[in-house]
There are 2 protein chains.
Amino acid sequence: MTIAQSPYPEDKKKKYGVEILCIGTEILLGNIINTNARWLAEELSSLGLSHYRQSVVGDNLERLQGAIIDISNRSRILITTGGLGPTPDDLTTQAIATAFNAPLEERAEILIDIKEKLATNKCAFVESNRKQALIPCGAEVIPNPIGTAPGIIWSPKPGFTLMTFPGVPSELKEMWINSAVPWLQANEGTNQVLVSKVLRFTGISESALAEQIHDLLQIRNPTVAPYAELGEVKLRITAKEANRTKANQLITPIESELRLRTGLQLYGYESDSLASVVLELLRKRGQSMSVAESCTGGGIGAALTAIPGASEAFIGGVIVYTNLMKESLLDIPAQMLITHGAVSAPVAQAMAKGAREKFQSDWGIAVTGIAGPAGGTQSKPIGLVHFAVAGPHICSSTSENFGTHRKRGDIQRLSVIRALNQLRILLLARG
Amino acid sequence: MTIAQSPYPEDKKKKYGVEILCIGTEILLGNIINTNARWLAEELSSLGLSHYRQSVVGDNLERLQGAIIDISNRSRILITTGGLGPTPDDLTTQAIATAFNAPLEERAEILIDIKEKLATNKCAFVESNRKQALIPCGAEVIPNPIGTAPGIIWSPKPGFTLMTFPGVPSELKEMWINSAVPWLQANEGTNQVLVSKVLRFTGISESALAEQIHDLLQIRNPTVAPYAELGEVKLRITAKEANRTKANQLITPIESELRLRTGLQLYGYESDSLASVVLELLRKRGQSMSVAESCTGGGIGAALTAIPGASEAFIGGVIVYTNLMKESLLDIPAQMLITHGAVSAPVAQAMAKGAREKFQSDWGIAVTGIAGPAGGTQSKPIGLVHFAVAGPHICSSTSENFGTHRKRGDIQRLSVIRALNQLRILLLARG
């Protein structure tokens, strides 16, 4: 196979920096999730290196070669994972050697290392193990401190370097940190670092938020990028600068401006969740909370207790799926359930008050609604949910119609977010 | 930009079938893990379609165009995810239109749909939303039943078809099943059908299961492939035959053999969950259940109520995070809590009995454990969880040490699975 022409115009050659190529038919079949690509992506970001493309190809010599040649024509650095094992479907080293017309040579020191490792693990050396000691002439070995598959660092042609790593995450990580990180810092050091800050919003759609900060989305350094998830929107501010301090100096004014424009819709930072933010607000006040859940069925409790140390502020809750249980566990008057129905503002308020009293907590929150797919009526359609918060000197309720087109799980998740956000807003409003 | 030359020799053009291109700088930055690629890979496998490459590019018009053109030169079908939102960094549709020199046109029916959805969600229509109604002339719309971002199916040149989907997994999945699956079956179908059956196991590791069925994993038609997830293992049996009946004739004996060898470890099929299986077992007997949750904090209730119609068998539960609440809500004797501690077999049993009595249900299940990251001791380490099931004439408890290396969330999820499985086994054992 000859080296194909780059599909990119001559003057744009090598405009790419780093690319990641993950090798393995098991990824293409969907058998495993490609966590290596994500881990490497985060590593490259933290080194201040942009990478422009990730690819996955299967254990097929011709396609693997094709992908390697394509990448060598457009990028400076290729990082591969997988395909370094001893079995016939491990083809990475062979594909690289063929792609660049380099002979393979057996390295005695690798062979010794493989034999030692197999002996330690009480495994017999078989002829196929010899394959892992073969590397292209001129390549440098990346030792594998854990397994039998070493990687290589090699520049088979001017302006292009490749590094190979095993697909086993623990081996990849160890080898990356020992070999690739120092190499990249020495050879690709941009003298610039990339610093990111994530801001989290709820109660606003991605498009409404984007409209509100339209001008800030145009800035080049730092950049501001929105990401929508169910019931929330994230903004990532990313600055590129000579050092961390300077990068933060670029981020701070943009963050302040965003905070100013969005007010209470900004609920947290980085890995915050509404549950963690609510628990922290309560902890600061030395207050506690409890929940009374109908259609969310325990989802609010689960979200709160997912946070380490939740017990400091979260006392507990009741999941009341039937009217009888609403009566007996939360002392909701039977007449109220008959008059207004279980999905109503009075019942939501009584549930929140009931939880607060039962658990002797400062705050009680309640959710009652119709998550579907059955149970909707003309006046109370699927997606209608009532929320209530009871606290010292206050009991307020709101309702939301999330829409009959929503799935049960989404209505439940949106209800959890909305309920926690209602308590957050009240806690903030009351100082 | 002109369409670049294929890097592949003329006679090898279009040797590829399907490719997946995921679009989003957040993937390249490592902010999110590319679960969409894996989901699509599994879907394509189950349709009997091989896909040969997956790529990820960022939100950059030129690079996105370049990737699309490359793929159109080597493959028959391109599936994209992401970049369909309303914000300026959502560039997929524009990149496609530019890549194939097609003008964009505003589709009135999409605009109406967007406006209706925004109105339902009480969001204002802003000018940027209009962008989502633009699609290349000649493209067919893939309606989005959940969000505002429709996709397209389009053949911009002979022998090449692309399909675009949003990056939000729930929207992608819904649209894929409604639009792409029938299209692919009609247009890419071979004379053979691929029929799959998923068997779900719990209480056994992937490697132990693989060992147990080692010979069956070697068969070529049907194939048996294991997929491990947290707390469970799936086996997918896939047969390729002239028609569905013949395919099923291949699957049935393998399924029987698997059932024979694995016994109660096989808990369900296809999209079953432990919660759905337990609810169905109860429904068949006309029995009911309730929960008492400590370290799972509502997770069992949430898993049960995620199933439509859960209220037929699930009455409710209590989340008791403090000793005081265990006493007051479930009548656990204070002395028992002092003597044995909250994380103990007697307390788990008393909680299960307490739930059963409070909710007057046939069955009560309880979980109490140490999910970490704090709270572990020498005798009761992080990861230790006690489970109990109380029912007519029975109250049994078990414990499990999931290991101190586990994350809080994983210990909680494993506990939910284990608790539901304990009830399942008891229900099956008692006929």
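Helices here are DSSP runs of H or I with at least four residues, strands are DSSP runs of E with at least two, and both are numbered from the N terminus. This is a predicted model in which local features need pLDDT of at least 70 and side-chain atom pairs count only at pLDDT 80 or more, while totals for chains, interfaces and linings use all residues; side-chain values use heavy atoms, with hydrogens and water left out. Residues are numbered from 1 along each chain as its sequence is written, and chains are lettered from A and ligands numbered from 1 in the order in which they are written.

View 1. The rule asks for a side-chain nitrogen of Lys or Arg within 4 Å of a carboxyl oxygen of Asp or Glu. Why are E42(A) and R38(A) separated by about one helical turn? Because they sit four residues apart in helix 2 (residues 35-46) of chain A. Run over all chains, the search turns up 37 salt bridges.

**View 2. Where chain B meets chain A.** On the chain B side 82 residues are in contact with 83 residues of chain A, contact being heavy atoms within 4.5 Å. The buried area comes to about 6700 Å², with carbon and sulfur atoms giving 56% of it; that is the accessible area (1.4 Å probe) that the two parts lose on being put together, summed over both. Five salt bridges cross this interface. In one salt bridge, D70(B) pairs with R74(A), and their closest N and O atoms are 3.8 Å apart. As for make-up, the side of chain B that touches chain A has 37 nonpolar, 27 polar and 18 charged residues.

**View 3. Strand 14 against strand 14.** Strand 14 (residues 314-320) of chain A and strand 14 (residues 314-320) of chain B run antiparallel, joined by five bridges. Pairing needs at least two bridges found by DSSP. Look for G316(A), which stands opposite V320(B).

View 4. Another cis bond links G372(A) to P373(A), with omega about 0°; P373(A) belongs to the loop between strand 15 (363-369) and strand 16 (384-391). Then there's Q360(A), not a glycine, yet with a positive phi of about 45°.

Methods
Ala, Val, Leu, Ile, Met, Phe, Trp, Tyr, Cys and Pro count as nonpolar, Asp, Glu, Lys and Arg as charged, and the others, Gly among them, as polar.
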